[in-house]
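This report goes through a protein structure feature by feature. Please look at the sequence and the model first.

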Amino acid sequence: MPKRFADTAGGKAFLLNLWQDNPVFRQVLGICSTLAVTNLATNTLFMCLGLTFATALTSWTCSALRHHTPRQTRMMVQVLIAAAYVIVVDIALRAYVPDVHRLIGPYVGLIITNCIIMGRAEAFAIKNPPVPAFLDGAGAGLGYSGVLLAIACVREPLGFGTLFGLPLPAREAWFHPVTIMVMPPGAFFMLALVSWLGISLTARRPAGPPKGAAK
Amino acid sequence: MSKAYILGFMAVLSAVFGAAVCGLHLAAKPRVEHLRQLRTQRAWVEATALAEAGGLDDAAVRRLVEEQMDTTGTLTDPETGRAVPLIKAYEDAARTRLKGYAFPFRGFGFWAPIEGILGVTPDLRRTTGLVILEQQETPGLGGRIAEPIFTQPFARGVTVAPPVRAGQPFLTIRATAPDPAHPDAARHVDAISGATQTCLAMEKLLNEALAGFHRAMAAHPAADPQAAAAHEGD
């Protein structure tokens, strides 16, 4: 009988990173870019795609090389691999979406130092085969993306009256810009709210007696 | 693992990833360069008000630049020794009627360098347009210097004739507009609310760029007789 996706090592890692062990509100990683790019949803989307691509492929490569990588230099190897994939993202943005690159260019370079990439490479990729490592990295990237997009989808409408650059319905009639939402403090407030919500929903309750057990 | 293996592994890994990234960079370079050039050409067209660049396709912008613009000129600011690239725009393909000039400027904003192109009329007394090419100011606040809310007054024409009094700025970017009857009212541009530091930086770098441009034009009267006449009249 074929294994369910959630029962495979990669599937389990993917789903855990997506929600239960979310890198942003559970592991508190990648906060710098969470604060920096979430005032416009389009910029957030491209940042998330870049980070997901870099994390998944860095994990896959680190895993593929794990039997050959000297233990003493493994972190240098991880940074080198992550840097290469981030440069690929940077070149792709520069060549195909230059307007987005002009806005988030400095943050794209900083993906190299994003703790999520190193965290997943160290915690999972160096101990597991390439496919589960890839899924683990992709899950972490998508988990990060979900939180960032949720924040962006509140900050942009409140700050600019737009979503993905498109004006909200009857904007002229009701919209009054909440300036703090497009500034860094707005990101702090939103991150705190989303973290609170995420942690509340994913809280692990102590296991009680099974239903129907004798009291 | 021996030291030789570690060194060899790192060298091979660095060479493989380095070569891959260099190869990709070289492959994308022509496209990146083409986009950069096209963006600059659009900025020249927009800054000199030669056409509404947004409504033109790439080929039309390129044709307009080739036929009605001279982008080969470079002046020198006699005070700083800096080269000032000079773009001349003509109303006709025969290049007989000058429409205006454009020149690039660069300076520090609130967070990072700001780069752009400013266009002025042939007599150097009014702006014809402003285009911001590079900026990393706060999105939604200082970042709005690249949006029409800030650039439109420059397209309508802000007075940038050499100031009468020494030390007086060519233009001001402030939140409060002067009395319309004030002689300097035409030099005023409305600041973006919430972006005071970026607007102050823009005011400083535009005034410096205009001062350098006027000095360079005055030192090269052959650059254009109309501009030379304007300076003689001051």
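The sections below cover a surface patch, a pocket, a cavity and some salt bridges.

## About the model

This is a predicted model, in which local features need pLDDT of at least 70, side-chain atom pairs count only at pLDDT 80 or more, and totals for chains, interfaces and linings use all residues. Residues are numbered from 1 along each chain as its sequence is written, chains are lettered from A and ligands numbered from 1 in the order in which they are written, and side-chain values use heavy atoms, with hydrogens and water left out.

## A nonpolar patch on chain A

A:F5, A:L15, A:L18, A:W19, A:L142, A:L193, A:W196, A:L197 and A:L201 make a nonpolar surface patch of about 910 Å². Patch residues have over 30% relative accessible area and no salt bridge, and nonpolar side chains (Val, Leu, Ile, Met, Phe, Trp, Tyr) are joined within 5 Å. Areas are computed by the Shrake-Rupley method with a 1.4 Å probe, and for residues only the protein chains shown count as cover.

Helix 1 (9–20) and helix 9 (184–202) of chain A each supply at least two residues of this patch. Helix 9 of chain A gives the most, with four residues. Helices (H or I, at least four residues) and strands (E, at least two) are DSSP runs, numbered from the N terminus. A:L193 is in helix 9 of chain A and counts as partly exposed because its relative accessibility is 47%. In this scheme, buried means under 20% relative accessible area, exposed over 50%, and partly exposed in between (1.4 Å probe, protein chains only).

## A pocket and a cavity

The second largest pocket has a volume of about 220 Å³. Its lining has 13 residues, and B:P153, B:R156, B:H188, B:V189 and B:D190 lie nearest its centre. Helix 3 of chain B gives the most to this lining, with five residues. By class, the lining has seven nonpolar, three polar and three charged residues. Ala, Val, Leu, Ile, Met, Phe, Trp, Tyr, Cys and Pro count as nonpolar, Asp, Glu, Lys and Arg as charged, and the others, Gly among them, as polar.

The search uses a 1 Å grid over the protein atoms alone: in a cavity a 1.4 Å probe fits but cannot get out, while a pocket is an open set of points with protein on both sides within 12 Å along at least five of seven lines, and lining residues have an atom within 4 Å of a point. Points are joined across faces, edges and corners, and a volume is the space filled by probe spheres set on them. The whole structure has one cavity of 30 Å³ or more. The lining of the largest cavity is made by A:A36, A:V37, A:N39, A:N43, A:L103, A:I104, A:Y107 and B:P139.

## Salt bridges

Over all chains, 14 salt bridges are found; each is a side-chain nitrogen of Lys or Arg within 4 Å of a carboxyl oxygen of Asp or Glu. In the one between A:E122 and A:R74, the closest N and O atoms are 2.9 Å apart. This pair links distant parts of the chain, from helix 6 to helix 4 of chain A, 48 residues apart.

B:E33 and B:R36 form another, at 2.7 Å between the closest N and O atoms. Both lie in helix 1 of chain B, three residues apart, about one turn of the helix. B:D77, B:E79 and B:R215 are linked in a network of salt bridges.

Technical notes:
Patch = residues over 30% accessible without salt bridge, like charges linked within 9 Å, V, L, I, M, F, W, Y side chains within 5 Å.
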